[in-house]
Amino acid sequence: MSLNVAALTTYTDELKMELIKKSVLQGRTTQLISVQPDIKSAASINIIDSTLSLQAGACGWNEAGTTALTQRDLSVCPIKINESICLDTLESYYTQKMMQPGSYNEEIPFEQMFSEEKAGKINAVIDDIIWKGDTVSGTGNLALCDGFLVLANSLSGDTVAGNTSPATSITAANIIDLIDDMVAAIPSDIIDADDLHVFMGYEVYRLYAKALRDANLFHYTGAEDQGEDFSQMVPGTNVRAIAVRGLNGTNRMILSRAANLYFGTDLLNDSEEFRIFYSEDNDEVRFRAKWKMGVQFAFPEFVVDFILS
């Protein structure tokens, strides 16, 4: 008699492997630029600027020159995440093996992994909004607050045009020249700054790094020799090329002093101090995260903005 297993389902061991979280490209923009905490709704970046009027030395007093006090407002957007988890749902699946005995379950059995996964996703979405946020044309998470690209678009008459070719695409053949053109467009007042960065998406950075390597530059030392992944000095300059998640897929590049780019928030670690708690009234575990965020340029005239023609 042959073995008949037609009524059985092919076995899969769902408990053999540990629960793992999906890899997420992390954001790092806030580690590089100016961060201004303690903003509930809006605050001013206070600026002082002087105009000198030199005169020939002689007796007498001829008043000349000005000192201007100006401001640029940095507004923040309140953002939150509310998520509910009914732990009873876990009892019908392999996750039941992770739960404590009894019917009064009040804790996520994999809370550590849950917390790490949420923290990584929040960090990533903040970087996306910092650059690509658009309250008018954005969708989903990106519609919650304006980012640097929308800000640069609104200040196009004040920023410096970075696409001087003008190029209609970014390719392996032109990427080195495009970045060199941006460096050449840096305003003379900040040309010697020690925190000049050209921010770009990871795909553009990888294209640039490969183009430098393929150009047979014998002095070339890429990111592997400069102490930070996806970051390296533009050869022969004081400008650092650096990849940021928020610019992925945009074909945009922003060059400025890192100190000229401001990120405003209420509390520095608000987005990290999320809450996981059991709601007895609703018999569910709830996840809550709240933070405020916004961006601003202190001096738009010191921003070199690359936009494809």
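Start by selecting Gln296, a buried residue with a relative accessibility of 8%. You are looking at a predicted model. Gln296 belongs to strand S12, which covers residues 284–297. Show its side chain together with that of Arg72, and you will find a polar contact of 3.0 Å between the two. Now display the surroundings: leaving aside residues up to four places away in sequence, Gln296 touches Ile45, Arg72, Asp73, Leu74, Phe148, Leu151, Asn260, Leu261 and Tyr262.

Next come the charged pairs. Side chains of opposite charge can pair when their charged atoms come close. The count here is 10 salt bridges.

Select Arg245 and Asp128, whose side chains form a salt bridge at 2.9 Å, N to O. Arg245 sits in the loop between strands S8 (239–243) and S9 (253–257), and Asp128 in helix H1 (residues 111–132), so this pair ties together parts 117 residues apart in sequence. Asp128 is buried, at 12% relative accessible area.

Move on to helix H4 (residues 202–214), where Lys210 and Asp214 both lie, 4 residues apart, or about one turn of the helix. Their side chains meet in a salt bridge of 2.7 Å, N to O. Lys210 is partly exposed at 44% relative accessibility, and Asp214 is partly exposed at 46%.

Now pick Asp305 and Arg252, joined by a salt bridge of 3.1 Å, N to O. This pair links distant parts of the chain, 53 residues apart: Asp305 is in strand S13 (residues 304–306), Arg252 in the loop between S8 and S9. Asp305 is buried at 6% relative accessibility, and Arg252 is buried at 9%.

For the last stop, select Lys40, Asp266 and Lys292, which salt bridges with shared partners join into one network.

Terms used. Residues are numbered from 1 along each chain as its sequence is written. This is a predicted model: local features need pLDDT of at least 70, side-chain atom pairs count only at pLDDT 80 or more; totals for chains, interfaces and linings use all residues. Side-chain values use heavy atoms; hydrogens and water are left out. Helices (H or I, at least four residues) and strands (E, at least two) are DSSP runs, numbered from the N terminus. Buried means under 20% relative accessible area, exposed over 50%, partly exposed in between (1.4 Å probe, protein chains only). A polar contact is a pair of N or O atoms within 3.5 Å; within protein, one must be able to donate a hydrogen and the other to accept it, and residues adjacent in sequence count only if both atoms are side-chain atoms. Contact means heavy atoms within 4.5 Å. A salt bridge is a side-chain nitrogen of Lys or Arg within 4 Å of a carboxyl oxygen of Asp or Glu.
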